[in-house]
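Please examine the sequence and the structure shown below.

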Amino acid sequence: MRRSYLFLPGNQPTMLQNGAVLPADVLIFDLEDSVVASEKDAARELVASALRSIDYGGRRLTVRINDLEKPYVKKDLKAVVAAGAHSIMVPKVTGAHTIHHIAVMLDLIEEEYGFKKGRTRIIALIETALGIEKAFEAATSSSRVEALALGGEDLCADLGCPRTKEGMELLYSRSRLLIAARAAGVDAIDTPFTDARDENGCYADTVYARSLGFDGKLSISPHHLRSIHRAFTPTEDAVAFALEVIESMKRAKCDGRGAVSLRGKMIDLPVLRQAERTLELARASGMIVTETGEKPS
């Protein structure tokens with residue numbers, strides 16, 4: 001379960017080291033916005049070295065490379081793929097052509113190093129109006145794509161609207177991206193909450209994103225991780241109901257029925273899928289460790 005995606009500036013050794021103890025589900029080593037042009041080469045080598053030498057445990061390791069308009073992309077990809085990055089975050093995706101360019105380069109790099117073809121996945125970062133319009137096209141353009149992510153700050157700049165804490169200006173874009181991700185069968189990752197000091201605001205924004213259906217949220221601050229995880233933690237009542245749904249549907253299957261009544265509600269396959277999702281979140285949050293609802297000791 002990938003709830004939190006934390007950006008780590010690629011030119012800050014201390015932050016790269018701290019990533020090994022921060023409770024993010026996914027670490028994103030950033031070679032793009034957080035690194036000025038004069039430090040691009042040094043940051044690339046620093047990130048590659050960190051990927052090779054630091055034990056990040058079970059965290060998913062992603063690198064945000066520079067965009068295709070910049071002259072750094074091939075060097076970025078070769079360095080971080082060779083160092084073992086699990087996935088690449090591609091910025092400023094505006095449809096299939098952006099993903100195709102990256103996918104072809106990944107094919108060549110994996111072949112060069114003897115890696116299994118397709119092992120390096122892609123997260124498509126959608127940051128423009130054109131990107132939103134072509135989100136489904138991007139999501140289905142390569143089997144490497146594992147998620148669509150929303151870049152709200154750049155998108156608002158492109159739309160010409162102010163970025164607010166309430167985020168209503170992004171409702172349409174969030175919904176479009178989410179539907180594209182669901183239709184393509186990939187994850188949907190929400191935009192970061194940009195006030196690093198406002199943990200309550202981050203929590204409210206993440207609750208809102210989860211209510212829309214997002215799988216996880218980008219984060220620019222370690223201080224937001226607790227709020228993000230809390231927002232993705234189901235209540236004990238929700239977990240108890242999900243466990244009842246699972247058991248009821250198991251019995252219904254044994255009886256040859258496709259639906260069953262539980263607490264006066266009709267339970268069928270869509271409700272079962274929601275229950276399974278609730279239990280995945282509960283496991284990720286440490287609430288349960290087995291289907292029977294056993295809590296960690």
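The lining of the second largest pocket comprises nine nonpolar, five polar and six charged residues. This is a predicted model, in which local features need pLDDT of at least 70 and side-chain atom pairs count only at pLDDT 80 or more, while totals for chains, interfaces and linings use all residues. Residues are numbered from 1 along each chain as its sequence is written, and side-chain values use heavy atoms, with hydrogens and water left out.

Q: How much space lies in the second largest pocket?
A: A pocket is found on a 1 Å grid over the protein atoms alone, as an open set of points with protein on both sides within 12 Å along at least five of seven lines; a cavity is a set of points where a 1.4 Å probe fits but cannot get out, and lining residues have an atom within 4 Å of a point. Grid points are joined across faces, edges and corners, and a volume is the space filled by probe spheres set on the points. For the second largest pocket this space is about 350 Å³.

Q: Which of the 20 lining residues are the closest to the centre of the second largest pocket?
A: Strand β1 (4–9) and helix α7 (152–159) each supply at least two residues of this lining; helices (H or I, at least four residues) and strands (E, at least two) are DSSP runs, numbered from the N terminus. The residues closest to the centre are F7, D33, R64, P192 and I220.

Q: Which element gives the largest share of the lining of the largest pocket?
A: The largest pocket holds about 560 Å³ of space, and 24 residues line it. Elements that each supply at least two of its lining residues are α9 (199–212), α11 (236–254), β10 (265–267) and α12 (269–284). The largest share, seven residues, comes from α12.

Q: How many residues of the lining of the largest pocket are charged?
A: Ala, Val, Leu, Ile, Met, Phe, Trp, Tyr, Cys and Pro count as nonpolar, Asp, Glu, Lys and Arg as charged, and the others, Gly among them, as polar. By these classes, the lining has twelve nonpolar and four polar residues, and its charged residues number eight.

Q: Which residue meets R2 in a salt bridge?
A: A salt bridge is a side-chain nitrogen of Lys or Arg within 4 Å of a carboxyl oxygen of Asp or Glu, and the whole structure has 28 of them. In one of these, the N to O distance from R2 is 3.5 Å. The pair links distant parts of the chain, 144 residues apart, with R2 in the segment before β1 and its partner in strand β6 (residues 145–150). That partner is E146.

Q: Is E146 buried or exposed?
A: Buried means under 20% relative accessible area, exposed over 50%, and partly exposed in between (1.4 Å probe, protein chains only). R2, at 30%, counts as partly exposed. Because its relative accessible area is 11%, E146 is buried.

Q: Why are R44 and D41 separated by about one helical turn?
A: The closest N and O atoms of this salt bridge are 3.0 Å apart. R44 is buried at 4% relative accessible area, whereas D41 is partly exposed at 42%. The separation is about one helical turn because the two residues are three residues apart in helix α2 (residues 40–53).

Q: Which residues line the largest cavity?
A: One cavity of 30 Å³ or more is found in the whole structure. The space in the largest cavity is about 30 Å³, and its lining has four nonpolar, no polar and four charged residues. The lining residues are R2, Y5, V26, R60, I123, E146, A147 and D187.

Q: Which residues are in contact with S227, leaving aside its neighbours within four places in sequence?
A: S227 is found in helix α10 (residues 225–231) and counts as buried, at 3% relative accessibility. Contact means heavy atoms within 4.5 Å. The residues in contact with S227 are E199, C202 and Y203.
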